[in-house]
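Visitor: Could you walk me through this structure and tell me where its labels come from?
Guide: Gladly; here it is.

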Amino acid sequence: MGMTDVLIVGAGPTGLVLACDLARRGAAVRIVDRSPAPPRTSRAKGPNPRSLEILDDLGVAEEVLAAGSAPLPMLKYRDRRPVAEADPWADSAPSPDARYDRGWLIAQWRLEGILRDRLAGYGVRVEPGREVVGLAQGRNEDDRSDAGDGGDGGDGEQHVDVTYADGQTGRARYVVGCDGAHSSVRKLLGITFEGTTAEDQVMVCGDVDLAEGVLDRSRWHQWFDEDGAVMLCPIPGTRTGWWFQAGPERDGRGRPLAPTADGFRRLLAHHTALPGQDLTRAELLSTYRVNVRMADRFRAGRVLLAGDAAHVHAIAGGLGMNTGIQDAFNLGWKLGLVLAGHADAELLDTYEEERLPVAARTLDLTSERLRATLEAIRRPGGGLDAAITPDTTGLGVGYRWSSLAAGGRAREAGQPGPRAGDRAPDAPCADAATGERTRLHRVFAGPRTTVLGFGPGSAAVLRETADAYGGDAGVRVCRVYAAHEDRAGAEPGAVVDDAGHAAAAYGTGASGVTGAGTVVVVRPDHHVGVLAPADDARSVREYLRRLHGTGRSAERSPGMVDAVR
């Protein structure tokens, strides 16, 4: 087999998002999974708001929304009687800077199917039944001697040799382990997975069918009693399918019993007013133990870890799959720029630098939410809504500590707008040429870095950037006009901030009036790289050089701008 750019091991949501992101950049990607067929599991209940933004960027959000349902109000019972109802999203609404204000319920197998279809559109298919049993990389990999190796990988130290269980071999420039908590890739690297498993904190789970009409499908039903719990959430897109979660049955010595269909029927009859025989089918049964573990590093030379292979944590708040999707979105563009030869390979060090602290904080956050939930359910009316806080949306996650957030002048405390490293806010606006409605996240969509210019003073920096990079190097420029500004001669792709939402979101309110202006470099993963006054062209230039090399100014006709799709 020939050389592939990136071999992704594991075809769950993390691996599929990474594969889609790399494939649309033109990288040669292979994605393998040890399962002989896609697992039809419902482990995760769906993407949170930040993951929906990522799925939107990949072009599949509409399909995901159509295939799932909005999160449901929770109906809570004690002693078989309803005692309280809670809708954690009752007071939330989309805002100009965040289109998605709540997560979405969708079976994980449906989400994976949508991502596999998108990947197939790039000509890449998951290779099932392929288990990785060996990885060998060149001698000097760990001392990062692979800087700037956008080349052909022919010197023997620029690739990883991969061995599969069936004896076949392959070769890749990079390997990413997205193969879950029991990751073979992590074990082959000898990376430790420190943490704890709470043997006593156990839940049994499965997908069940209930007789039609016995429970209202517009609610997530939760029975919490002194001696256990049953939770039933309707699976979107099915008529009689439900997610079943419960405290396990236990033997005479208090040890949890393995889940069985009959056990589920006994739990249902014990905690709810429904007879056991209303549960007509139970499959995909599993036991969930609270595991809180993290790899001590996310990169070893040319092999990286993402998702559950790098970190696992308590289920509370639903952040497992979401943290993995967000790992993939952080890593994809960095691998893409290194493979294209624009950025040095040390850019890959910023993946661990940015995502390891996020994983560590997620471990703490989910453990705290689990503690709060376990406490809440001891009281009648308490329920899983205790796990949902603004922290669980993912919209507040940023990387202010990162070396990629070091350019430009720092914002003073108390100044409005994001700082370098923060998520770049969305804002509704209009296309300057056509007047069509759009929004900044639509401008950012697709695998490129975006340079936004606010105020007339930003025109020079945008022109210089367009001359240097044009469309091919993955940088686009976008002038954001205030409503009162003259737009004669606006460049293709420029937008009008007709309601002032963009200026408010980026804290550039006064700049349009004074003519000074502000320039914001937005990374391909929608995080702010540099936020600088328009006369600070140097900060913008240096930042773009770090990600995209020196540009192509010599080869391109001046003034070419990349129109927004």
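Guide: Let me start with a term: a contact means heavy atoms within 4.5 Å. Among contacts in the chain between residues at least 6 apart in sequence, 72% join residues at least 24 apart. This is a predicted model, in which local features need pLDDT of at least 70 and side-chain atom pairs count only at pLDDT 80 or more, while totals for chains, interfaces and linings use all residues. Residues are numbered from 1 along each chain as its sequence is written, and side-chain values use heavy atoms, with hydrogens and water left out.

Visitor: How many helices and strands does the chain have?
Guide: There are 13 helices and 23 strands. They are DSSP runs numbered from the N terminus: helices are H or I with at least four residues, strands E with at least two.

Visitor: What makes the end-to-end distance of helix α7 agree with its length?
Guide: The expected span is 1.5 Å times one less than the number of residues. For the 20 residues of α7 (residues 320-339) that should be 28 Å, and the end C-alpha atoms are 28 Å apart, so the two agree.

Visitor: Why is α7 called largely enclosed?
Guide: Buried means under 20% relative accessible area, exposed over 50%, and partly exposed in between (1.4 Å probe, protein chains only). In α7, 19 of the 20 residues are buried, so the rest of the structure largely encloses this helix. Across the chain, buried residues make up 56% of the 565 residues.

Visitor: Why are F298 and Y351 called a tilted pair?
Guide: Rings of Phe, Tyr and Trp (its six-membered ring) pair if their centres lie within 6.5 Å; planes under 30 degrees apart count as stacked, over 60 as edge-to-face and the rest as tilted. By this rule there are five aromatic pairs. The F298 and Y351 centres are 6.1 Å apart and their planes stand at 45°, so the pair is tilted. F298 is in the loop between β13 (279-295) and β14 (299-300), and Y351 is in helix α8 (residues 349-376), so the pair ties together parts 53 residues apart in sequence. Both F298 and Y351 are buried.

Visitor: And what makes Y399 and W401 edge-to-face?
Guide: Their planes are at 90°, with 6.1 Å centre to centre. Y399 has a relative accessible area of 3%, so Y399 is buried, whereas W401 has 43% and is therefore partly exposed.

Visitor: How do you know that R186 lies over the face of F193?
Guide: A charge sits over a ring if NZ of Lys or CZ of Arg is within 6 Å of the ring centre and within 35 degrees of the ring normal. R186 lies over the face of F193, at 3.6 Å from the ring centre. R130 likewise lies over the face of Y164, at 4.6 Å.
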